[in-house]
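Here is a friendly walk through some local features of a protein model. Take a look at the sequence and the structure first.

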Amino acid sequence: MAAEDGEVAVAEAEKQEEEDQVVNPWEVSAKEGGKIDYDKLIVQFGCQRLDQSIIDRVQRLTSRPPHVFLRRGVFFAHRDFNEILDAYERGEKFYLYTGRGPSSEALHLGHLVPFMFTKYLQDAFKVPLVIQLTDDEKCMWKNLSVEESKRLARENAKDIIACGFDISRTFIFSDFNYVGGAFYENMVRIGKCVTYNKVVGIFGFTGEDHIGKISFPPVQAAPSFPSSFPHLFSGKDNPRCLIPCAIDQVDSSLHLNAFVHDPYFRMTRDVAPRLGYHKPALIESLFFPALQGETGKMSASDPNSAIYVTDSGKILKNKISKYAFSGGQDSIENHRKYGANLEVDISIKYLGFFLEDDAELEHIKREYGEGRMLTGEVKKRLGEVLTELVERHQRARATVTDENTNWEELYIVINFGYLHTSKSMQSMSSLVELVLLVLVAFLWLIATRVCSQSQLEPQVPGLFIFGDSLIDNGNNNDLPTLAKANFWPYGIDFPQGTTGRFTNGRTYVDILAQLLGFPDYIPTYSRIQGRTILRGVNYASGAAGIRNESGKLLGANVPMREQVARFGRTVQVISRRYFRGDCSGLMGYLSQCIIVSGLGSNDYLNNYFMPKFSTSTVYTPKAFAASLLEDYSSQLTALYKFGARKIIVAGVGQIGCMPYQVAQYTGRNCNGSRCNEEYNNAVDLFNTGLRKLVDHFNSGHELPGSKFVYIDLNQASKDLILNGASYGFEVVDKACCGVGKTNGLCLPLQQPCNDRTKYLFWDSFHPTEAANIVVANKSFYSNSPSYAYPISIHQLAML
């Protein structure tokens with residue numbers, strides 16, 4: 001019943017009262033420069049607090065740790081969000097609706113916040129999303145021409161695409177291009193339900209406002225009803241709508257808001273039951289303050305009031321240094337004595353939005369609040385955090401340009417996960433007027449890959465890595481072993497320099513983490529801190545094998561059995577610290593994480609084929625492969641028992657074709673190859689058995705609920721060696737760096753080859769970053785079983 005929550009009535013009554021704060025779609029201010037009273041807004045707008053029980057429920061239903069904006073109260077209120085969760089739990093569909101009023105060339109950080117959170121909701125619940133670009137609104141409110149409003153919408157769309165939304169579940173449209181048909185019909189229905197007095201009461205229109213403004217609210221209300229998108233939702237569907245928004249509806253160039261907020265949807269919720277629809281649910285956020293403080297405004301006319309996604313690191317750090325309002329004292333002496341006022345300090349507030357690590361944030365607040373940390377130090381840390389965020393966004397945004405985007409020909413349509421693309425759409429001519437063209441799908445795929453680095457919420461909650469030197473990222477640095485790569489030129493092309501990675505740049509799993517959307521590389525086991533443990537851990541150790549003794553002639557390593565044990569200890573820590581004994585929530589989280597395991601090469605190179613080991617005299621190649629698979633099966637089963645469900649296992653590559661073997665092997669095969677085929681034939685036995693093991697596990701008889709994917713590194717390496725030129729590799733049998741005669745690793749401090757992209761191998765055993773990029777992309781996206789079997793990694797992540 002419309003009067004149940006009294007939304008419009010409350011709005012009208014509030015206009016009669018003298019208020020000490022003004023919050024409406026175009027103004028946010030507090031009396032005499034005071035702070036916004038959010039408790040009062042909750043009462044005023046008829047919302048409910050987003051309490052811990054709801055946050056816990058989201059975590060349980062999505063099997064993901066709550067987003068930083070949830071656990072820190074950035075999104076603090078809601079309307080009917082529990083009904084959305086009830087419906088989701090019953091298996092009913094819902095969709096997300098958000099957008100942007102394009103009035104500036106680029107977004108600022110406040111605009112990014114709701115898009116970041118919407119991205120999290122889309123990934124967590126795996127639901128469709130519609131994004132409205134209200135270029136018509138800005139034409140009317142900002143006195144922009146139609147052409148300029150449409151141009152700004154296009155520019156803003158590029159920034160939105162760079163946020164990394166799921167291409168198969170996202171529909172972006174501008175009002176100028178899309179409004180008509182069923183959408184316009186709903187606008188008319190909405191308009192007939194709202195009187196002039198009501199719209200004036202809600203929005204405060206005066207006699208000086210032109211009729212375009214008065215007629216606009218139905219345009220923003222219509223996307224709340226699924227029938228506005230007949231090409232997305234069938235006539236039989238009536239999915240609920242969830243709108244992430246700020247509690248005001250401030251002009252898009254001010255404060256937090258990218259788009260939709262409370263007053264528009266108080267009206268929409270009042271109308272919905274009368275039109276036969278569910279009321280749209282809202283989840284509402286705090287305002288995002290200007291650099292000058294909570295009483296200031298972020299405005300496009302004052303570039304120093306906000307940090308824009310186009311700002312360079314130097315510019316944004318200068319803005320923070322000069323303009324970020326400080327809660328510190330007027331002298332160092334007083335600051336040491338009294339500490340900072342955290343309630344007004346903008347650097348602390350911004351870190352609360354964008355610093356992921358809870359432990360670090362609490363440390364900074366404690367030290368700063370007690371005077372041991374100075375304002376300059378806090379601002380310096382904020383500059384580092386925001387520079388990393390903005391630069392990642394800029395790299396994603398750079399892939400979306402007018403030069404390589406055809407805005408005239410391609411339509412992108414979703415239907416609960418189904419993507420349809422067509423250049424002519426002749427077979428769907430009746431839908432042409434209903435669908436906004438966005439961009440070439442290939443371009444969006446590129447942007448999605450790049451922006452996976454910039455999005456806060458990856459496609460899976462965590463990535464846990466087991467393996468050897470192919471994916472070790474520094475676990476061996478502190479071990480007494482020859483199998484370590486913590487010296488130059490290792491890491492010559494890696495952003496952080498030499499780290500212990502056995503290549504010139506990124507490893508296979510580094511690239512995989514980026515493709516999955518992780519904002520940072522997965523850290524080593526020894527360097528896990530705070531909540532970063534929830535993003536995953538890398539346990540891989542150079543020279544390690546499935547068997548405990550493999551690689552031990554080179555020194556210490558962490559074999560697979562111990563890596564699995566470390567994962568068990570990690571699960572215990574996560575359970576105790578972050579799930580507080582909630583076994584169901586923990587298992588839900590682990591079931592969505594991806595496990596990557598790549599071992600076996602050292603069991604051959606540094607065990608079976610090494611004369612100092614007796615295994616080759618005890619086992620035939622077939623028997624040794626069977627023994628390895630038996631041990632590996634037990635280890636993978638142990639991972640399953642700890643909660644792993646999505647598991648990737650990589651086969652062993654063409655170890656007989658590595659430069660180390662090519663240099664030592666004196667024979668030549670019938671096909672002219674200089675590879676040691678004895679080695680390759682032996683690992684073929686292991687790889688064949690491993691693929692069969694994947695089929696066995698996927699049958700569900702032994703490990704129900706699990707899904708295994710086999711990465712065929714043997715076939716991948718064979719492809720790169722035989723067809724290297726087609727991938728840009730000119731040298732496939734020699735190392736890029738200068739190597740020693742004994743262990744095949746790079747010689748310390750020796751200059752490597754100049755163009756690493758033309759070499760398949762970095763040293764005598766390990767591929768270059770360029771080779772890792774090829775294999776990672778093919779195994780992530782390709783549906784060919786010659787790289788990933790039975791499904792791609794991307795498909796595994798989406799399960």
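The report below covers salt bridges, a serine and some backbone features.

## About the model

This is a predicted model, in which local features need pLDDT of at least 70 and side-chain atom pairs count only at pLDDT 80 or more, while totals for chains, interfaces and linings use all residues. Residues are numbered from 1 along each chain as its sequence is written, and side-chain values use heavy atoms, with hydrogens and water left out.

## Salt bridges

Searching the whole structure gives 38 salt bridges (a side-chain nitrogen of Lys or Arg within 4 Å of a carboxyl oxygen of Asp or Glu). One of them joins arginine 535 to glutamate 356, with the closest N and O atoms 3.5 Å apart. This pair links distant parts of the chain, 179 residues apart: arginine 535 is in the loop between helix 21 and helix 22, and glutamate 356 is in the loop between helix 17 (346-354) and helix 18 (358-369). Helices (H or I, at least four residues) and strands (E, at least two) are DSSP runs, numbered from the N terminus. Arginine 535 counts as buried because its relative accessibility is 15%, whereas glutamate 356 is partly exposed at 28%. Here, buried means under 20% relative accessible area, exposed over 50%, and partly exposed in between (1.4 Å probe, protein chains only). Both residues belong to a salt-bridge network that also includes Arg71, Arg72, Asp358 and Arg531.

## Serine 550

You will find serine 550 in the loop between helix 21 (508-515) and helix 22 (560-579). It counts as buried because its relative accessibility is 0%. Its side chain makes a polar contact with that of asparagine 607 at 2.9 Å (N or O atoms within 3.5 Å; within protein, one must be able to donate a hydrogen and the other to accept it, and residues adjacent in sequence count only if both atoms are side-chain atoms).

## Backbone features

Most residues other than glycine have a negative phi, and most peptide bonds are trans. Serine 63 has a positive phi of about 60°, and aspartate 80 also has a positive phi, near 60°.

Two cis peptide bonds are worth a look: tryptophan 488 to proline 489, with omega near 20°, and tyrosine 789 to proline 790, with omega near 0°.
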